[in-house]
Amino acid sequence: MGKLYRISEVAGLMGIHPKTLRYYEEQGILTPTHVDGRTGYRYYDQQAILFLWQLLVMREAGMHVRELKEIGEEDRLEEQIAALQRRKRAIRTAIAMLRQLEQKERGYRVVENSLPGGKYLRYKLVAKGPEQIFSSFMDLFDMALERHLAVDRERSPFARFTDIVFRHENILCQVFLPVLNGVLGEDVVWVEVPKAISTVHHGDYSQVEGAYDVLQDYADQHDLEIVGSPMEFYVFGMKDPARRKLTTTVFYPVG
């Protein structure tokens with residue numbers, strides 16, 4: 001049978017509580033190698049410890065307990081891999097959103113990045129003001145429901161401004177909602193930006209023009225040509241009527 005380790009030893013090794021091991025046992029996920037019939041103590045061999053490590057890795061990757069029961073089943077492997085890939089993309093998106101918030105105390109910091117290609121549901125409007133831009137995202141969700149489109153949570157909605165001149169009323173713009181399905185056409189379009197520069201403005205949206213100035217200066221200093229309309233991504237605070245807690249990422253395609 002080889003060397004056996006008590007539940008407390010295994011828990012200490014893996015940095016978990018012994019109750020976690022008992023829970024996995026109750027759920028039929030990990031069975032002790034040996035249970036002492038007299039004391040009830042549970043013991044695990046090296047193979048069980050290795051399997052536990054794999055379980056914990058999968059759990060940290062976002063797998064649910066019910067999914068852990070099915071790890072390694074050949075008819076589920078492709079499905080499990082696809083699920084983890086979706087979570088990986090979602091994690092990247094969440095990190096990007098939090099990075100935007102992280103910059104709020106650091107002033108404007110320009111980042112060179114890109115926007116991977118994907119389908120978006122598009123809505124064109126001439127907004128009377130920023131409030132109408134923000135509310136139009138709600139209209140996009142209504143449009144998606146009417147068209148039986150599935151929203152892609154792994155990408156962020158954004159607004160694109162046709163007129164580069166900064167203004168607070170009669171704003172020519174389009175708003176985009178990432179979707180997974182739909183036939184490309186007038187409403188569903190493919191958007192991809194291979195190269196861009198961006199910076200984050202945190203706070204009152206009426207002062208967002210400063211972010212545009214920073215990006216323009218950066219493009220001039222680095223001999224970059226702005227080749228497309230600016231885009232804005234919003235994180236949190238969209239329900240704030242005064243728009244004083246809005247985090248706005250300004251995104252400029254460059255060549």
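Trainee: In this predicted model, which strands does helix H6 lie across?

Mentor: Helix H6, residues 130-146, lies across S4, S5, S6 and S8. Its direction is at about 90° to S4 (111-127).

Trainee: Which strands does helix H7 touch?

Mentor: Helix H7, residues 209-221, touches S4, S5, S7, S8 and S9 (247-253) as it packs on the sheet. Its direction makes about 100° with that of S7.

Trainee: What makes S5 and S6 a strand pair?

Mentor: Pairing needs at least two bridges between the strands. Four bridges join S5 (158-161) to S6, so the two count as paired. They run antiparallel. Phe158 stands opposite Phe176 in S6.

Trainee: In what order do the six strands close into a barrel?

Mentor: The order is S4-S6-S5-S8-S9-S7, with antiparallel pairing. From one strand to the next, the twist averages 45°.

Trainee: Where is Leu184?

Mentor: Leu184 sits in the loop between S6 (171-178) and S7 (188-202).

Trainee: Why is Leu184 called partly exposed?

Mentor: Its relative accessible area is 47%. Buried means under 20%, and exposed means over 50%. The value of 47% falls in between, so Leu184 is partly exposed.

Trainee: Which residues is Leu184 in contact with, leaving aside neighbours within four places in sequence?

Mentor: Lys119, Val189 and Trp190. Contact requires heavy atoms within 4.5 Å, so each of these three has heavy atoms within 4.5 Å of Leu184.

Trainee: How many residues separate Leu184 and Leu121 in sequence?

Mentor: They are 63 residues apart in sequence. In space, their C-alpha atoms are 9.2 Å apart.

Key
Residues are numbered from 1 along each chain as its sequence is written. This is a predicted model: local features need pLDDT of at least 70, side-chain atom pairs count only at pLDDT 80 or more; totals for chains, interfaces and linings use all residues. Side-chain values use heavy atoms; hydrogens and water are left out. Buried means under 20% relative accessible area, exposed over 50%, partly exposed in between (1.4 Å probe, protein chains only). Axes are lines fitted to C-alpha atoms, for helices over the stretch in contact, and angles run from 0 to 180 degrees between N-to-C directions.
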